[in-house]
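Welcome! Take a moment to look over the sequence and turn the model around before reading on.

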Amino acid sequence: MENCLFCKIAKGEIPSQKVYEDDAVLAFRDISPAAPEHVLIIPKKHYDNILQLDDNALLGHMFEVARQVAQTLGIDKTGFRIVINTGKDGGQTVEHLHLHLLGARELGWPPG
Ligand code: AMP
Ligand code: ZN
């Protein structure tokens with residue numbers, strides 16, 4: 001989709017610190033990390049958010065990639081959080097579906 005930041009990152013038009021990539025999915029470091037390890041996992045195909053996603057296999061693959069990246073980062077041992085912010089109240093600021101993978105510190109609950 002034109003003028004979508006994460007579509008541009010997926011196409012390599014905007015640089016990112018990649019940690020994993022395949023044909024369908026890209027994982028890269030969040031530019032403003034909320035935890036010592038903070039990675040975003042996006043589908044290369046554009047979906048505005050989780051409500052628009054019509055491909056459960058792709059969602060499953062994104063979770064598999066998140067699990068794999070957690071292992072690569074070593075946060076599988078200490079624990080981590082996977083978050084999908086959705087819409088205004090969910091705090092979504094980039095309208096291209098993404099999973100947040102956060103770890104390497106104790107995360108508070110409930111969220112603010
Ligand atoms: P959300 O608020 O859930 O929509 O998450 C969007 C995330 O994208 C935020 O955590 C931002 O810090 C992150 N972000 C914004 N621009 C970039 C960028 N160019 N590269 C990496 N992460 C970004
Ligand atoms: Zn997009």
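The paragraphs below walk through a helix, a ligand and several single residues.

This is a predicted model, in which local features need pLDDT of at least 70 and side-chain atom pairs count only at pLDDT 80 or more, while totals for chains, interfaces and linings use all residues. Residues are numbered from 1 along each chain as its sequence is written, chains are lettered from A and ligands numbered from 1 in the order in which they are written, and side-chain values use heavy atoms, with hydrogens and water left out.

Let us begin with helix α2, which covers residues 56-73. Helices here are DSSP runs of H or I with at least four residues, strands are runs of E with at least two, and both are numbered from the N terminus. The expected span of a helix is 1.5 Å times one less than its number of residues. For the 18 residues of α2 that gives 26 Å, and the end C-alpha atoms are 26 Å apart, so the two agree.

Which residues of α2 are buried? They are L58, L59, M62, V65, A66, V69 and A70. Seen down the axis of α2, these buried residues fall within an arc of 140 degrees, so they line one face of the helix. Buried means under 20% relative accessible area, exposed means over 50%, and partly exposed is in between, using a 1.4 Å probe and protein chains only. The arc is that of the directions from the helix axis to the C-beta atoms. An α-helix has 3.6 residues a turn, so residues three or four places apart point the same way. On the other side of α2, N56 and A57 are exposed.

What do the buried residues of α2 pack against? Their partners are the strands β1 (18-21), β2 (25-29), β3 (37-43), β4 (80-83) and β5 (99-103). Both ends of the helix deserve a look too. At its start, a side-chain oxygen of D55 comes to within 3.2 Å of the backbone nitrogen of A57. Just after α2, G74 has a positive phi of about 85 degrees.

With a relative accessible area of 4%, F28 is buried. Leaving aside neighbours within four places in sequence, F28 is in contact (heavy atoms within 4.5 Å) with residues including F6, I9, V19, H38, L40 and I42. F28 and H98 are 70 residues apart in sequence, and their C-alpha atoms are 11 Å apart in space.

H98 also leads us to ligand 1. There, 16 residues surround the ligand, and the closest are D30, N85, T93, H98 and H100; a residue counts as near if one of its heavy atoms lies within 4 Å. Backbone N or O atoms take part as well: one of I31 lies 3.1 Å from a nitrogen atom of ligand 1, one of T93 lies 2.7 Å from an oxygen atom, and one of V94 lies 2.9 Å from an oxygen atom. On its own, ligand 1 has 510 Å² of accessible area, and the protein covers 83% of this.

Q92 sits in the loop between α3 (87-90) and β5. Its relative accessibility is 15%, so Q92 counts as buried. A polar atom of the Q92 side chain lies 2.9 Å from the backbone oxygen of D48, and the side chain also reaches the backbone oxygen of V94 at 3.0 Å. Not counting residues up to four places away in sequence, Q92 touches D48, N49, N85, T86, G87 and H98.

Another loop, between β3 and α2, holds H46. H46 counts as buried because its relative accessibility is 15%. The H46 side chain makes a polar contact with the side chain of H96 (3.3 Å). A polar contact is a pair of N or O atoms within 3.5 Å; within protein, one must be able to donate a hydrogen and the other to accept it, and residues adjacent in sequence count only if both atoms are side-chain atoms. A polar atom of the H46 side chain also lies 3.5 Å from the backbone oxygen of E95.

Finally, some backbone details. N3, in the segment before α1 (5-11), has a positive phi near 60 degrees although N3 is not glycine.

Notes
Accessible areas come from the Shrake-Rupley method with a 1.4 Å probe; for residues, only the protein chains shown count as cover.
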